[in-house]
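Reader: Hi! Could you walk me through this one? I'm new to it.
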Amino acid sequence: GTYAQHVTIFRPGTRLAIIGAGQANTTVDASGASIAFNLDGPYLNVSISGLTIIGGEDLAIRAHDTKLKLEDALITGTGAGTTPDFYDETIQATRGSVTLLRSTVRGNPNGGGIHTHDARVTIVSTTASENGCPLCKGAVWVGGGQLQLIDSTVSGNTSTGQGGGGIIQGLNNSNACTLTVDSATVTNNTGIKGGGFYVDNGTAT
């Protein structure tokens with residue numbers, strides 16, 4: 001079914017598994033809300049699988065000081081119908097760790113894609129496509145911490161702001177960051193500071 005709601009967890013130490021019946025059968029629709037899933041640690045452990053998330057006006061997922069696993073999920077619609085903002089992001093991870101497995105981040109017109117800041121993010125067998133950000137980020141922004149992109153696709157994303165359309169490493173005095181790309185496809189992305197990759201600081205392999 002479709003559930004028109006948003007989820008907020010601020011209780012430290014919470015362990016939660018949200019299991020849907022598949023992307024075509026379970027939808028969490030946060031249209032009209034600011035954030036679909038707002039997860040604020042410390043010590044949260046949350047897994048979300050088998051569903052579609054229609055993001056809020058600002059974010060689909062905010063994970064702060066949280067261990068988050070997103071599996072077999074589709075995230076779409078973040079920022080749809082809203083005025084673009086520099087801080088609009090589809091997935092924002094600060095501290096903690098995030099794993100995306102067999103998921104899709106697609107069609108987020110003002111949400112950019114995935115932003116990691118002082119977090120450990122692993123993206124495996126996942127597609128980030130057709131995301132846009134008129135003010136800054138492209139599909140993947142490593143603004144601090146570590147990000148691994150493995151067997152994944154970053155395609156058809158755009159940025160007309162400060163960053164590249166595909167993958168951005170560092171930007172605006174970001175903290176030290178490390179990007180590792182392994183067996184990934186990065187193609188047909190556009191941005192004023194690089195289409196596929198824009199590396200400002202840190203290390204990239």
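Author: Happy to! One term to begin with: two strands pair if DSSP finds at least two bridges between them. Strands themselves are DSSP runs (E, at least two residues), numbered from the N terminus. This is a predicted model, where local features need pLDDT of at least 70, side-chain atom pairs count only at pLDDT 80 or more, and totals for chains, interfaces and linings use all residues. Residues are numbered from 1 along each chain as its sequence is written, and side-chain values use heavy atoms, leaving out hydrogens and water.

Reader: Thanks! So which residue is the bridge partner of Lys67 in β10?
Author: That is Ser97. Strand β7 (residues 59-71) runs parallel to β10, with five bridges joining them.

Reader: And what is the partner of Ser97 in β13?
Author: Arg120. β10 and strand β13 (residues 119-124) are parallel too, joined by five bridges.

Reader: Is β10 mostly covered or uncovered?
Author: Mostly covered: four of the five residues in β10 (residues 97-101) are buried, meaning under 20% relative accessible area with a 1.4 Å probe, protein chains only.

Reader: New topic: where is Ser155?
Author: Ser155 belongs to strand β18 (residues 153-155). Its relative accessibility is 19%, so Ser155 counts as buried.

Reader: What is Ser155 in contact with?
Author: Beyond neighbours within four places in sequence, Ser155 contacts Ala128, Ser129, Glu130, Thr187, Asn188 and Asn189; contact means heavy atoms within 4.5 Å.

Reader: Last one: in what order do the strands of the open three-stranded sheet come?
Author: β15-β19-β23, with parallel pairing. β15 (132-133) and β23 (190-191) are at the edges with a single partner strand each, so one side of each has no neighbour in the sheet. In β19, Thr158 stands opposite Gly132.

How values were computed:
Buried < 20%, exposed > 50% of the residue type's maximum accessible area, 1.4 Å probe, protein only.
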